[in-house]
Amino acid sequence: MATLTCERFGKAFASPLVLASGPAGFGVELSAALDASSVGAITTKTITPEPRSGNAQPRLVDCPAGAINSIGLENPGIESFVRNDHPAIERLPIPRLLSLAAASASQMSALVRRVGDLDGYEAIELNLSCPNIGGAITGADAGAVGEFTRAAAGESALPVLVKLPGDTGNLVESCEAALRQGAAGLTLINSLRGLRIDWSTGVPCLSRIYGGLSGPAIFPIALARVYEVRRAFPETVIIGTGGVSDLGSLLEMLLAGADFVGLGFGMMVDPQLPEKLCGKLETWLDDRSFKSVQEIMGLAHSGGFNVH
Ligand SMILES: Cc1cc2nc3c(=O)[nH]c(=O)nc-3n(C[C@H](O)[C@H](O)[C@H](O)COP(=O)(O)O)c2cc1C
């Protein structure tokens with residue numbers, strides 16, 4: 001049977017599937033429905049220095065092939081997280097990535113320092129791309145990306161991943177700034193700014209008007225961003241995230257050059273998605289005599305593979 005194990009950051013992850021930040025919460029509720037052996041890692045909901053109650057309701061609306069959310073980084077804040085949530089997360093039988101966001105580089109460095117003595121995380125993910133909070137998106141400005149990354153990487157003994165937006169700024173420039181300032185990898189992409197209007201009332205559906213679109217609707221955009229960034233940076237670790245929901249989209253993301261594949265909206269539809277995808281991926285690899293999923297990563301950049 002083909003192996004799905006992926007070795008990155010000096011560690012072996014059971015599969016290339018990573019639960020993306022947000023929909024999986026802190027993983028504790030989800031863990032009963034999950035087959036832990038099918039998940040490479042879980043990313044926590046993003047934590048900020050202070051608690052955030054998030055945006056006013058309504059903050060989630062359906063759309064064809066996805067949903068638009070404007071949760072607004074609701075989270076308990078770092079002190080409550082460390083006291084109340086971290087102990088349960090540390091016991092999850094799945095490797096963990098800790099997602100952090102802050103309003104300035106100096107706040108980010110303090111936040112990373114604060115989590116420095118927590119055990120149980122494989123990497124820190126800097127969320128520089130939330131479309132649902134006030135102000136400009138940090139990840140759209142390569143200079144700011146460099147500053148935030150330097151601030152975090154200088155304080156962290158763990159690898160630092162930088163999560164960037166797919167629809168604003170010059171993505172390759174932002175990736176370059178992150179990697180130059182010490183990022184060990186990139187998470188691409190966050191949800192994309194979207195809007196729905198209730199045509200029976202003429203009023204925008206979300207209280208904050210715009211939100212972030214996720215789900216299969218954004219898959220081709222996420223795929224293009226991953227392909228483009230893999231081409232520019234052949235060696236860096238990439239978590240390709242956006243609209244992956246079935247074997248075909250998973251394979252495409254791997255072929256485009258993702259080392260790991262994030263599942264966000266797909267987990268809201270089916271919490272057993274990782275187990276189902278792993279089963280199908282193993283069969284697909286076996287049928288084509290691949291010994292490991294790592295053999296197909298990035299193959300779209302080198303002429304694909306011979307069909308057996
Ligand atoms: C309800 C919801 C909450 C989210 N919260 C976060 C978050 O806290 N931090 C973050 O980095 N991304 C967050 N995201 C974005 C996802 O991690 C992911 O990047 C995006 O939705 C695209 O992937 P998908 O199409 O598989 O959902 C959230 C997405 C959704 C749908």
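How do the residues of the lining of the largest pocket divide into nonpolar, polar and charged? They divide into 14 nonpolar, 18 polar and two charged; here Ala, Val, Leu, Ile, Met, Phe, Trp, Tyr, Cys and Pro count as nonpolar, Asp, Glu, Lys and Arg as charged, and the others, Gly among them, as polar.

Before selecting anything, note that this is a predicted model, in which local features need pLDDT of at least 70, side-chain atom pairs count only at pLDDT 80 or more, and totals for chains, interfaces and linings use all residues. Residues are numbered from 1 along each chain as its sequence is written, and side-chain values use heavy atoms, with hydrogens and water left out.

**Largest pocket.** Select Ser21, Gly22, Pro23, Asn69 and Ser191, which lie nearest the centre of this pocket among its 34 lining residues. Strand 16 and helix 7 (265–269) are the elements that give two or more residues to this lining, and helix 7 gives the most, with three. Helices (H or I, at least four residues) and strands (E, at least two) are DSSP runs, numbered from the N terminus. The volume is about 570 Å³. A pocket is an open set of points on a 1 Å grid over the protein atoms alone, where a 1.4 Å probe fits, with protein on both sides within 12 Å along at least five of seven lines; lining residues have an atom within 4 Å of a point. Grid points are joined across faces, edges and corners, and the volume is the space filled by probe spheres set on them.

- Serine 21: a backbone N or O atom lies 2.7 Å from a ligand oxygen atom.
- Threonine 46: a side-chain N or O atom is 2.7 Å from a ligand nitrogen atom.
- Glycine 243: a polar backbone atom is 2.7 Å from a ligand oxygen atom.

**Second largest pocket.** Move to Leu73, Ala101, Ala102, Ala103 and Ile133, nearest the centre of a pocket lined by 19 residues. Its volume is about 330 Å³, and its lining has ten nonpolar, seven polar and two charged residues.

**Helix 6.** Among the buried residues are Leu247, Leu250, Leu251 and Leu254. Their cover includes strand 3 (17–19), helix 5 (219–232) and helix 8 (273–287). Glycine 257 follows helix 6, with a positive phi near 120°.

Terms used:
Buried < 20%, exposed > 50% of the residue type's maximum accessible area, 1.4 Å probe, protein only. Contact = heavy atoms within 4.5 Å. Polar contact = N/O pair within 3.5 Å; in protein donor to acceptor, adjacent residues only side chain to side chain.
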